[in-house]
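Visitor: I am new to this structure. Please pick a single part and take me through it closely, then show me where it sits in the whole.

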Amino acid sequence: MDKTKNIVPILRIKNLKKSFGDNHVLNGFTLELYEGENLVLMGKSGSGKSVMIRCLVGLMQPDEGSLEIMGKDISKLAQKEFNELRTELGFLFQGSALYDSMTVRENLEFPMRQQNKTEEESLKLVLEALDSVGLREALDLMPEELSGGMKRRIALARAIILKPKIIIYDEPTTGLDPITSKEIIQLMRNIQQNYKTSSLIITHDVDCARVISNRMILLIDGINYAEGTFEELSANKDGKIQAFFK
Amino acid sequence: MKTVQIGNNLKSFFTEIGKLSFFAGRFFKEVFTRPFEFKELLRQCYNMGNRSLFLVGITGFILGLVFTLQSRPTLMEFGAQSWMPSMVSISIIREIGPVIIALICAGKISSGIGAELGSMRVTEQIDAMEVSGTNPFKYLVVTRIMAAILMIPLLIIFGDAIALFGSALVENLKGDVSFQLYFNKVFDAIEFSDILPATVKSFFFGFAIGLVGSFKGYNCTKGTVGVGEASNSAVVYTSMLLFIIDFIAVFVTDIFFEL
């Protein structure tokens, strides 16, 4: 992916710092995601991965550093502009975060609320997204009627409904059995190919990282400790790096 | 040691009051700005109104029944049982009906809002709404507070009517007073100054029920334990607030209508 270094990153995090009291979670974390790239971020539990993505999508304010999405510094955007920019981001939450009180269709229509789409247009997009994850028959089901894997797929369909340029996956395979995990990973690859998205994937799952990543960053002690392809990092002799691949 | 603890408790109490005031301020800011969530507002009105109707009806009926049964012997002692309809109607419409029904709604609606929003918070559903570019405060909080403001007065009117029916039933069975005579006496006794303050304060009751439930749920933390706490404290804080509002309402009514 060295050729990507010549182009402007679609997402850039620079010198990000965030502390909770004396606990310094992020100590100058830096990341660049390029168009069409699948970047995997790995780190131990509590290493600040979730804090980083919460800062990135505006759910948390960083103490220091800059966050740029498609060349726009999010700290300088008005709320309305930031909300518009958010439609270019798809987000797959670790626990799926489907709205309990809504059907699958309503869940998928929810991100389109500000888009002034007709009912036919909305339904077309919903069905298209459901087809992408192979769950068209779940259209009128409630989240409680779905299995864990189905919920994750519906959440994935919701993340891509607005055809975002960037998708952020927070632990996409956590809590799933190996077969369902493989299905989800395959879906992520299909989506990346069909929708031409760039993906930032946060995971503990080495198999997921091996299959899907173009490039990896290891987050240790609040900084990007190591960076490279899966093969480069897995061959590295550093004990801290090897701990991820054992 | 105790002084420090009292100081800390006072500090956290006033911090909570400050946060609640800020939350209420945000509600007033967002309620008048577009887009308006009419569909969700209607859904919340239906949930709060329709689903509380049976509980409020039963409570009102028993309230009227018991109140009349308990008051009868005393009034009879003074040969004043003919005052029963006016005494019961004024007591229920002015004070007992709104307060009891608001407390019942605090238990059902406010805790329900606290638990629902709390579980949405801990399962990241509110975060998901925010990330999708929707304003969750407007969609979840404004609609619930508005629905409570609109529905609580209607539930109170309904509960009052059922309470008066319960009272009329007792008078009919025990005192051979016809329903027509009972309600004629009720309408003779009730004045504008009885209905207006009670109706106005019921809107404030609705605001308190919606506000505190939403505040506790929306700011819920600490996982599933936090959801329970949000639901529980929503009832406690709302009940306290209802009595404070009632005290202020009686005080203000006294100034304007000389009770």
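Guide: What follows is a close look at one strand, then at the chain around it. The model is a predicted one.

β9(A) has a partner in strand β3 of chain A, residues 38-43. These two strands run parallel and are joined by five bridges. One pairing can be named here: Val40(A) has Met216(A) of β9(A) as its bridge partner.

β9(A) also pairs with strand β10 of chain A, residues 223-228. This pairing is antiparallel and again has five bridges. Met216(A) takes part here too, with Gly228(A) in β10(A) as its bridge partner. β9(A) and β10(A) form a hairpin with two residues between the strands. In that hairpin, Asp221(A) has a positive phi near 55 degrees.

Now the surroundings. Chain A contains nine helices and 10 strands. Of its 246 residues, 39% count as buried. Among contacts between residues at least 6 apart in sequence, 68% join residues at least 24 apart. The C-alpha trace of chain A spans about 55 × 45 × 40 Å along its principal axes. Its radius of gyration is 18 Å, which agrees with the value near 18 Å that a compact globule of 246 residues would have.

Chain A also touches chain B: 15 residues of chain A are in contact with 10 residues of chain B. The chain B side of this contact has two nonpolar, five polar and three charged residues.

Definitions and conventions. Residues are numbered from 1 along each chain as its sequence is written. Chains are lettered from A and ligands numbered from 1 in the order in which they are written. This is a predicted model: local features need pLDDT of at least 70, side-chain atom pairs count only at pLDDT 80 or more; totals for chains, interfaces and linings use all residues. Two residues are in contact if their C-beta atoms, placed from the backbone, lie within 7 Å. Ala, Val, Leu, Ile, Met, Phe, Trp, Tyr, Cys and Pro count as nonpolar, Asp, Glu, Lys and Arg as charged, and the others, Gly among them, as polar. Two strands pair if DSSP finds at least two bridges between them. Helices (H or I, at least four residues) and strands (E, at least two) are DSSP runs, numbered from the N terminus. The radius of gyration is taken over C-alpha atoms; the globule rule is 2.2 Å times the number of residues to the power 0.38. A residue is buried if 20 or more other C-beta atoms lie within 10 Å of its own, exposed if 12 or fewer, and partly exposed in between; C-beta atoms are placed from the backbone.
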